[in-house]
Amino acid sequence: MHQMYIDILIDAIIEQFETEEKFYTEYLQTSKENWENWKKGRINLTSEEMQKIKNLFSDYEWMLTQKILRQTILFPEKRNIAVSEYKRLKTLIAKKWLQSGSGIAELIPSKGNHEEMEQAFIDLKVTVSYDEWGFDDIVTFRLPATLQGQLEGSKVELLDWVNENLMGTYVGE
């Protein structure tokens, strides 16, 4: 189970920081040796470092990772697909929330300049609000900034794009 957790975590790190090195040096502020030893289960990170790792995920995404890990215990054949299963389920959940009308999609524009746009990313955030501060359920997707033109416009166009293209773009299916 530990390796599936690490695999999902590394995928989130690469998605958000581009490299593990950038993550553990700039964000986690630990050495390569500590990082590698933790990944191998040899040492524990501090509670502050573990909180930073958890903060890579929304509360809902964190809960989903725990469900995926539990599934890999119950169904060992899912161990090789834990990362793709996590990403696939995130997209299915977002689509269900949006189709039911309970979810709200929000496009967070790229902060990069025009020349960096080819390398930049945009974030798509889908939220279910319960009108209680701090209890919203959120799933996020980092997508190539080159898609921003397709996603801007009306709410209906964004919903259509999510329904038709999110799975293929985010999961790669």
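The talk below goes from the whole chain to single residues.

Tutor: This is a predicted model, so local features need pLDDT of at least 70, side-chain atom pairs count only at pLDDT 80 or more, and totals for chains, interfaces and linings use all residues. Residues are numbered from 1 along each chain as its sequence is written, and side-chain values use heavy atoms, with hydrogens and water left out.

Student: What is the mean pLDDT of the protein?

Tutor: The mean is 85, and 81% of the residues reach 70 or more. pLDDT is the predictor's confidence in each residue, from 0 to 100. Residues 113-118 stay under 50. The model has five contacts for them beyond four places in sequence. Contact means heavy atoms within 4.5 Å.

Student: How many helices and strands does the protein have?

Tutor: Eight helices and three strands. Both are DSSP runs, numbered from the N terminus: helices are H or I with at least four residues, strands are E with at least two. Along the sequence the pattern is α-α-α-α-α-α-β-β-β-α-α.

Student: Why does K39 count as buried?

Tutor: Buried means under 20% relative accessible area, exposed over 50%, and partly exposed in between (1.4 Å probe, protein chains only). K39 has 15% relative accessibility, so K39 counts as buried. Across the protein's 173 residues, 39% count as buried.

Student: Where is K39 found, and in which helix?

Tutor: K39 belongs to helix α3, residues 32-39. Leaving out residues up to four places away in sequence, K39 touches H2, I6, I10 and E20.

Student: What joins the side chains of K39 and E20?

Tutor: A polar contact of 2.7 Å. The term covers a pair of N or O atoms within 3.5 Å; within protein, one must be able to donate a hydrogen and the other to accept it, and residues adjacent in sequence count only if both atoms are side-chain atoms.

Student: Why does E18 count as exposed?

Tutor: E18 has 51% relative accessibility, so E18 counts as exposed. E18 sits in the loop between α1 (2-17) and α2 (20-27).

Student: What is the phi of E18?

Tutor: Phi is positive, about 75 degrees, although E18 is not a glycine. Most residues other than glycine have a negative phi.

Student: Which loop holds D131, and why does D131 count as exposed?

Tutor: D131 lies between β2 (121-128) and β3 (137-144). Its relative accessibility is 69%, so D131 counts as exposed. Phi of D131 is also positive, near 55 degrees, in a residue other than glycine.
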